[in-house]
Amino acid sequence: MEKRNIFFLLVGVVVTVGVIITGSHYAETKKEAMINQGKTEIVKKEVSEKKQEEKEINEFENNRGSLSTVDYLKFVATKKQKATVSFFGGKEQQPEFINPLQNWMGEKLKVADLAIQSVSIPNPSTYQLMTQNSVATLASNAPDVVFFQVPVVGDQEIDISLTNSKQYLLQLMEDIRAQLPEALVILVTPPPSTALKEVYNSRSINYVSYLENLKEIEAEQSFLYFDLHDQYLADLEEKAQPLESTLEADGITLNSVGNALYIELFEKALTQPIDTTSGIK
């Protein structure tokens, strides 16, 4: 009887061990299958994302002659995994202008590594930007897009002739292209002013004359160009809103209303198609 019990006990132990081993093997097999499935899904996702990325690059490549600045930056970011923008020539430290634009572009681009910088000097003019070697500072940031905020007011203030203003601007553009051959460079006009429009320098030139001079240069050279000055005035005229209501008491500095409008117009310009073939190769 005892031998029989021992036999059944041994059989039970063997069966139990077998069940445990079988169950363990099944669990390991199941775990391995789940891991492999997870790896397969990851690979499939990566392949899908890669194909989508390649599709976007091809679409951008095929439309370089008519691509918005936002889409161009997406194209750059897709190729380089980052994008850098520099504002050049305007007033120093413009957080009230640059910060909202950076947030807006970041949301549009969905690029984690988006850098926006400002490169300028106190009271800039085309002459000072050139003689103080500001382009070298700009080039050190290696921007993919340069928004050249043309300092027409600065040229007015230091009495630069229209001829010399044109020469300095062309030289600056030549220097930028030489040092940043793959940067997309866009000229940007300043917002309008009530105070400066009727102020003439010793050459009988006001800032509007420098703006008209800039338009002629843009037409001759086919520079990329955001004419925010005229768009600003057109927007106010459409709304029947006086220019003074968007400026501080000095008639030059934008107040919160003016700054919001200028940013809105800039954002709109960023979504308009332009020829981006002069940028990244």
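**Pockets, a cavity and helix packing**

Author: By class, the residues lining the second largest pocket are 7 nonpolar, 2 polar and 5 charged, where Ala, Val, Leu, Ile, Met, Phe, Trp, Tyr, Cys and Pro count as nonpolar, Asp, Glu, Lys and Arg as charged, and the others, Gly among them, as polar. This is a predicted model, in which local features need pLDDT of at least 70 and side-chain atom pairs count only at pLDDT 80 or more, while totals for chains, interfaces and linings use all residues. Residues are numbered from 1 along each chain as its sequence is written, and side-chain values use heavy atoms, with hydrogens and water left out.

Reader: How much space lies in the largest pocket, then?

Author: The largest pocket holds about 720 Å³ of space. Its lining has 31 residues, and G90, K91, Q94, P190 and P191 are the closest to the centre. Helix 3, helix 6 and helix 10 are the elements that contribute two or more residues, and helix 6 has the largest share, with 4 residues. By class, this lining divides into 16 nonpolar, 11 polar and 4 charged residues.

Reader: Switching to cavities, how many are there of 30 Å³ or more?

Author: There is 1 cavity of 30 Å³ or more, and the largest cavity has a volume of about 50 Å³. T126, V150, V152, D155, S165, L169, Y210, N213, L214 and I217 line it, and by class they are 6 nonpolar, 3 polar and 1 charged.

Reader: Which helix gives the largest share of that cavity's lining?

Author: Helix 8 does, with 4 residues, although helix 6 (152–157), helix 7 (162–179) and helix 8 (207–221) each supply at least two.

Reader: How do helix 7 and helix 8 pack, in angle and distance?

Author: Helix 7 and helix 8 pack at about 50 degrees with their axes 10 Å apart; axes are lines fitted to C-alpha atoms, for helices over the stretch in contact, and angles run from 0 to 180 degrees between N-to-C directions. That angle makes helix 7 oblique to helix 8, since angles under 35 degrees count as roughly parallel, over 145 as roughly antiparallel, 65 to 115 as roughly perpendicular and the rest as oblique. The contact (heavy atoms within 4.5 Å) joins L162, S165, K166, L169 and L170 of helix 7 to S209, Y210, N213, L214, I217, E220 and Q221 of helix 8. These contact residues are 6 nonpolar, 4 polar and 2 charged by class.

Reader: And helix 3 with helix 10, what is the angle there?

Author: Helix 3 (residues 95–109) and helix 10 (residues 256–270) pack at about 40 degrees, with axes 10 Å apart, and are therefore oblique to each other. On the helix 3 side the contact is made by E96, F97, P100, L101, W104 and M105, and on the helix 10 side by N259, Y262, I263, F266, E267 and L270. By class that contact has 9 nonpolar, 1 polar and 2 charged residues.

Methods
On a 1 Å grid over the protein atoms alone, a cavity is a set of points where a 1.4 Å probe fits but cannot get out, and a pocket is an open set with protein on both sides within 12 Å along at least five of seven lines; lining residues have an atom within 4 Å of a point. Grid points are joined across faces, edges and corners, and a volume is the space filled by probe spheres set on the points.
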